[in-house]
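The points are numbered and can be checked against the structure as shown.

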Amino acid sequence: MRRKLVAGNWKMNGSAESIRGLLEGIKAGAAEVAAVELAVFPPFVYLELVEQQLSGTAIAWGTQNLSEHASGAYTGEVAGPMLQDFHCAYVIVGHSERRTLYGESDEMVARKFAAARKVGVKPILCVGETLEERDQGVTESVVERQLKAVLDLEGIEAFNDAVIAYEPVWAIGTGRTATPQQAQDVHAFIRAKLAEQNPTVAAETRILYGGSMKAANSGELMAMADIDGGLIGGASLDAKDFLAIARSGC
Ligand code: PGA
């Protein structure tokens, strides 16, 4: 049985004060949604604060990115061993904003995935097509290419310790969500691709949906056979909304 994961990608939002309040709210409601695993992804500078607030709770934390390198002259970057220092359970890799705004290639994303695994931090690998790609009918080949770069570098067994997030770029922050069936079709495709290499790993890998998921649509999305939770942006900045999404997955 795949336990659902509801992950809050806070992106470049929040302050020490707002994060304290947000975490208080999430902690207060976490017991009610214990059937679902919760995780939050603050900006790097708030990692220590988040660790302090969440240590000893069932809520996991991680970061939105990491360097492919372990240390060295890489100004402005944060390395895997540093995430380990702050006991991150997960790290998001290959988010579409990293791919499009910061030029991360499929190969670089694969190296970041490897860097995370090296230090025992589980990568959440984001894949997904743009609107143009969907309109051209190439969704599956785009997702397959993004997945293949990681499979080629790290192998199928790596997904024993990883999560995938399918995030159609056209649904991120736009208020436009994939229909449950549209999402399910791509999730099933991803699982089938994994199954070609190892059916057991495929059956156990969690595949999250991301892209304008909110309490109003999360229940029907998470009811689909291959949707194992959500990667939530906007709606994760409000404890009530975030918990309502988690509740719909219980
Ligand atoms: P959104 O973001 O929920 O605000 O659409 C999702 C994401 O980018 O992870």
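1. The elements covering its buried residues include α1 (16-30), β2 (37-41), β3 (60-63) and α3 (80-85). Please keep in mind throughout that this is a predicted model.

2. How many of the eight residues of helix α2 are buried? Six of the eight are, so this helix, residues 47-54, is largely enclosed by the rest of the structure. The buried ones are Leu47, Leu49, Val50, Glu51, Gln53 and Leu54.

3. After α2 comes glycine 56. The phi angle of glycine 56 is positive, near 85 degrees.

4. The largest nonpolar core has 66 residues, and within it Leu38 and Phe159 touch the most other members. Leaving aside residues up to four places away in sequence, phenylalanine 159 is in contact with Phe113, Leu125, Leu147, Val150, Leu151, Ile164, Leu194, Val201 and Thr205. Another core, of 13 residues, lies apart from the largest one; Ala7, Tyr90, Ile124 and Ala165 are among its members.

5. Two aromatic pairs are present in the structure. In one of them, the ring centres of phenylalanine 113 and phenylalanine 159 are 5.3 Å apart and the ring planes stand at 40 degrees, so the pair counts as tilted. The cut-offs behind that label are under 30 degrees for stacked and over 60 for edge-to-face.

6. Where do the two partners of this pair sit in the chain? Phenylalanine 113 belongs to helix α5 (residues 106-118), while phenylalanine 159 is in the loop between α7 (139-154) and β6 (163-166). The two are 46 residues apart, and the pair links distant parts of the chain. Both phenylalanine 113 and phenylalanine 159 are buried.

7. Last, the ligand. Which of the 13 residues around the ligand come nearest? They are Lys11, His95, Glu167, Gly173 and Ser212.

8. Three of these residues deserve a separate look. In glutamate 167, a side-chain N or O atom is 2.7 Å from an oxygen atom of the ligand. For glycine 173, a polar backbone atom is 2.6 Å from a ligand oxygen. For serine 212, a backbone N or O atom is 2.7 Å from an oxygen atom of the ligand. The ligand taken alone exposes 280 Å², and the protein buries 94% of that area.

Conventions: Residues are numbered from 1 along each chain as its sequence is written. This is a predicted model: local features need pLDDT of at least 70, side-chain atom pairs count only at pLDDT 80 or more; totals for chains, interfaces and linings use all residues. Side-chain values use heavy atoms; hydrogens and water are left out. A nonpolar core is a set of buried Ala, Val, Leu, Ile, Met, Phe, Trp, Tyr and Cys residues joined through side-chain atoms within 4.5 Å. Buried means under 20% relative accessible area, exposed over 50%, partly exposed in between (1.4 Å probe, protein chains only). Contact means heavy atoms within 4.5 Å. Rings of Phe, Tyr and Trp (its six-membered ring) pair if their centres lie within 6.5 Å; planes under 30 degrees apart count as stacked, over 60 as edge-to-face and the rest as tilted. Helices (H or I, at least four residues) and strands (E, at least two) are DSSP runs, numbered from the N terminus. A residue is near a molecule or strand if one of its heavy atoms lies within 4 Å of it. A polar contact is a pair of N or O atoms within 3.5 Å; within protein, one must be able to donate a hydrogen and the other to accept it, and residues adjacent in sequence count only if both atoms are side-chain atoms. Accessible areas come from the Shrake-Rupley method with a 1.4 Å probe; for residues, only the protein chains shown count as cover.
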